[in-house]
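This briefing covers selected side-chain and backbone features of one protein model. The sequence and structure come first, followed by notes grouped by topic.

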Amino acid sequence: MTTDTLDLPALRQRYREDKSAVLAEIAALGPHSRAIRGLLRRLSRCTDSVLQTLWQGAGFDPEMALVAVGGYGRGELFPYSDVDVLVLVHEGVQLEQDEALRTRIESFIGACWDIGLEIGSSVRSRSECLAEAAHDITVQTSLLENRLVAGQREAWQALDLALTAAMDPAAFFTAKLLELQQRHQKFENSPYSLEPNCKESPGGLRDLQVLLWTSKAAGLGCSWDELGRNGLATPLEVRQIKSNEALLSLIRARLHLLARRREDRLVFDLQATLADSFGYRAAPPEAGSVASTRGARRASEQLMRRYYWAAKAVTQLNQILLLNLQDRINERTGEAGVSLSPINERFLDKGGMLEVASDQLYHEHPEAILETFLLFQSEPGIQGLSARTLRALYNARSVMNGAFRRDPRNRATFLQILQQPEGLMHALRLMNQTSVLGRYLWVFRNIVGQMQHDLFHVYTVDQHILMVVRNMRRFFIPEHSHEYPFCSQLAAGWDKPWLLYTAALFHDIAKGRGGDHSQLGMLEVRRFCREHGIAREDSDLISFLVGEHLTMSHVAQKQDLSDPDVIEAFAKRVGNERGLTALYLLTVADIRGTSPKVWNAWKGRLLEDLYRATLRALGGRAPDQGAVIESRKREALTLLALHTLPHMAHKALWDQLDVSYFMRHQGDEIAWHTRMLSRPLSQLAAGATHPTLVRARLSPEGEGLQVLVYTADQPDLFARICGYFDGAGFSILDAKVHTTRDGHALDTFQLISPDLSEHYRELIAMVEVELARTLELRGPLPTPSRGRQSRRVKCFPVLPRVTLHPDEKAQRWVLTISSCDRVGLLYSIARVLARHEINLQLAKVTTLGERVEDTFLISGPALQHNREQIEIETELLEAVKD
């Protein structure tokens with residue numbers, strides 16, 4: 001009998017019907033996850049039945065066996081997971097030489113695929129399995145979870161016994177621990193990414209599987225109940241593990257169903273639908289709740305918050321049980337026990353791990369909870385918390401109540417933690433992981449696991465806050481001074497770093513409540529300062545930083561820093577040099593803590609320029625406009641002399657430039673422009689037409705290109721330049737547009753390109769030749785290209801906004817555009833401006849992930865009439881829509 005004699009269509013239909021019935025039950029579970037384990041086992045049994053029929057039909061030798069391995073071997077099969085099997089053959093079989101057996105196996109595997117099973121197969125003898133397992137931890141792990149599906153039981157049992165005999169529990173534990181650490185590093189050691197992998201991310205199902213693998217390898221239990229009976233987990237921990245495992249399993253199964261393929265990531269595309277399958281609906285919080293000031297919460301946000309809390313619990317329990325397993329394995333292998341050294345009457349040093357002297361310590365002395373983290377910071381040689389301490393913290397969560405938060409001893413200890421010279425970030429992260437931070441700072445608990453529904457934050461609110469504290473802390477560590485040299489220079493002269501850490505800890509604490517989170521956060525931090533006895537002067541500084549933490553980036557990225565009135569207004573807002581320095585450090589730390597994509601050298605330059613200009617104004621050292629211009633001219637002339645330019649070579653160009661040019665460009669930029677243009681201009685015959693000149697160089701800021709364009713001015717010039725950069729794949733960060741007295745445009749652009757680091761010479765040459773040719777040829781403006789929307793933009797759309805209002809002097813207009821970023825966006829805007837003959841003087845392009853906030857300083861006759869203003873705004877809205 002062979003698979004050819006089987007009725008494969010009927011078998012396939014039976015399998016589809018059985019599988020569909022199970023999948024329908026999974027879909028119908030709603031939010032209830034307790035039944036998911038049984039349904040996954042039923043799905044596994046459906047697959048067993050089909051494989052047994054195919055195995056019998058294949059006519060294999062009775063002494064062979066079909067063994068389930070991996071997740072299928074565990075008896076839990078997710079809807080679109082691979083079905084991993086081992087075809088166990090006789091010792092000494094050579095498939096290359098046994099054509100009949102090879103043909104049967106190929107026919108069997110082909111029939112499996114015909115039925116609809118996604119088979120992952122291997123064909124090995126017992127000795128080959130042992131050899132592969134000895135050299136590959138992945139194979140060893142897969143074979144650890146083996147189960148007979150069909151064939152000879154004796155052959156399978158011999159394999160299982162041989163694998164058990166060959167197992168080295170200590171070596172296996174070490175290998176799986178290193179593997180876990182590498183996997184966690186891949187996900188930045190955090191379960192809080194916005195699109196977590198419910199299987200592989202920290203706190204995912206894989207963390208639980210590692211516990212069962214290592215305990216089974218050591219003979220300490222194959223299930224959670226067995227781990228409990230063997231004293232490795234408490235009854236509470238067993239219940240918590242089972243509950244969270246069920247939720248993660250249901251999420252993973254539903255993801256497979258929604259994606260109709262193996263998908264373990266909670267991608268934005270699926271989060272809303274997944275939340276709907278759990279019964280979540282967008283709704284405001286319950287009246288009278290802590291979060292009652294918040295607006296309506298998205299259904300997906302509610303689901304993700306539930307996921308994050310489950311992942312956090314799994315992370316905690318995984319750490320506790322792994323440490324317990326390690327101790328038990330060490331005992332079994334006869335390794336010497338770790339010596340205990342007393343630290344004080346409450347705590348011991350257990351080989352570098354902080355150990356509680358009593359399991360009831362935290363219940364009897366709740367103030368010892370925060371003391372744990374203070375000792376973790378300050379005690380030399382302590383590298384972490386022992387399993388006993390972690391378990392005691394986990395079981396003491398109910399102790400951290402209102403009375404605990406009001407206890408003066410705890411308030412004093414928490415301030416000490418913030419004020420320690422070392423170990424702050426390790427302590428805060430550990431406090432968050434063990435839920436102590438959120439239970440002591442109840443307002444922090446509200447933002448644990450809270451998503452940020454925008455296009456530039458890549459972390460949940462609590463993780464973003466800790467990232468900002470980390471960035472601030474690094475300013476004060478000499479080993480990191482190369483990362484932010486100017487920030488490290490300022491930090492070196494700061495007397496109370498803990499004030500900045502506190503401001504960073506509270507700056508986004510009120511996110512998600514609705515209203516202005518900066519002002520709400522300022523109220524929260526004032527309460528914190530009052531309760532913790534912080535001096536009035538220090539409290540005022542901290543609350544100022546929280547309330548104004550968005551101001552400096554707004555001014556730097558949206559306003560004209562060459563305008564003295566802008567600097568003066570900002571100086572009045574910050575008040576003094578101490579407030580300015582603190583706000584600058586917090587602003588840099590905050591922007592760097594949103595996403596790796598948001599920060600760039602150009603933003604750093606804008607912030608530093610604003611800091612220096614404001615510092616001069618605050619110190620009464622703000623020179624008048626004429627003095628600033630003369631200073632920049634002297635700097636430029638000094639630089640020009642280094643390039644052996646003739647003494648008066650600059651005159652032909654500078655005589656054509658007005659005050660605004662010199663106010664908007666630093667001395668090094670003026671010198672570069674003059675070097676590039678003075679010689680070509682001096683060689684022109686009287687009355688000759690000025691050529692179109694394009695010059696490019698690597699940006700002095702250390703990132704991107706700086707491009708100079710000099711040509712006869714024309715109404716659509718900015719649009720033409722943007723059109724070229726759009727087609728060439730460049731993104732514009734900044735544009736400074738000037739018209740000389742003799743009617744020529746002298747424009748400077750800051751550009752970035754993904755290929756710049758490897759091919760900058762070729763790109764510079766290309767831009768200089770092609771852009772000049774494009775501007776000289778003229779012709780109609782090309783149609784803007786329209787790139788595809790990213791997944792994040794589709795899931796978190798930004799409502800386009802266009803605002804147009806006169807500047808404070810009523811001489812020019814400020815145009816602000818907010819929308820989703822896409823290819824061709826700036827060019828589309830420039831085409832509208834060109835169509836209405838709008839003169840552009842300054843463009844600041846701020847990219848926040850997939851969102852842009854662009855600001856333009858413009859003028860033109862069309863802006864003087866309300867009807868035309870409305871028409872321009874309407875056309876701009878149409879242009880930025882996707």
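Does Arg260 count as buried or exposed, and what is its relative accessibility? Arg260 counts as exposed because its relative accessibility is 66%; buried means under 20% relative accessible area, exposed over 50%, and partly exposed in between, with a 1.4 Å probe and protein chains only.

This is a predicted model, in which local features need pLDDT of at least 70 and side-chain atom pairs count only at pLDDT 80 or more, while totals for chains, interfaces and linings use all residues. Residues are numbered from 1 along each chain as its sequence is written, and side-chain values use heavy atoms, with hydrogens and water left out.

**Positive phi**

- Most residues other than glycine have a negative phi.
- Arg260 has a positive phi, near 60 degrees, and is placed in the loop between helix 11 (235–259) and helix 12 (268–277). Helices (H or I, at least four residues) and strands (E, at least two) are DSSP runs, numbered from the N terminus.
- Glu837, which is not a glycine either, has a positive phi of about 55 degrees.
- The loop holding Glu837 runs between helix 38 (825–835) and strand 15 (839–848), and Glu837 is exposed, at a relative accessible area of 52%.

**Aromatic pairs**

- The whole structure contains 20 aromatic pairs. Rings of Phe, Tyr and Trp (its six-membered ring) pair if their centres lie within 6.5 Å; planes under 30 degrees apart count as stacked, over 60 as edge-to-face and the rest as tilted.
- Trp654 and Phe662 are edge-to-face, because their ring planes are at 80 degrees, with the centres 5.7 Å apart; both residues are buried.
- Phe725 and Phe730 are also edge-to-face, since their planes are at 75 degrees, with centres 6.1 Å apart; both are buried.
- One aromatic cluster is formed by Phe404, Phe414, Tyr440, Phe506 and Phe528.

**Charges over rings**

- The charged end of Lys633 sits over the ring of Phe662, 4.6 Å from its centre. The criterion is NZ of Lys or CZ of Arg within 6 Å of the ring centre and within 35 degrees of the ring normal.
- Arg252 lies over the face of Phe78, at 4.3 Å from the ring centre.

**Cysteines**

- The search of the whole structure finds 0 disulfides, a disulfide being a pair of cysteine sulfur atoms within 2.5 Å.
- Cys529 is buried at 1% relative accessibility, and Cys722 is buried at 3%.

**Asn471**

- Asn471 belongs to helix 22 (residues 461–475) and is buried, with a relative accessible area of 0%.
- Beyond its neighbours within four places in sequence, Asn471 is in contact (heavy atoms within 4.5 Å) with Tyr484, Ala589, Arg592 and Gly593.
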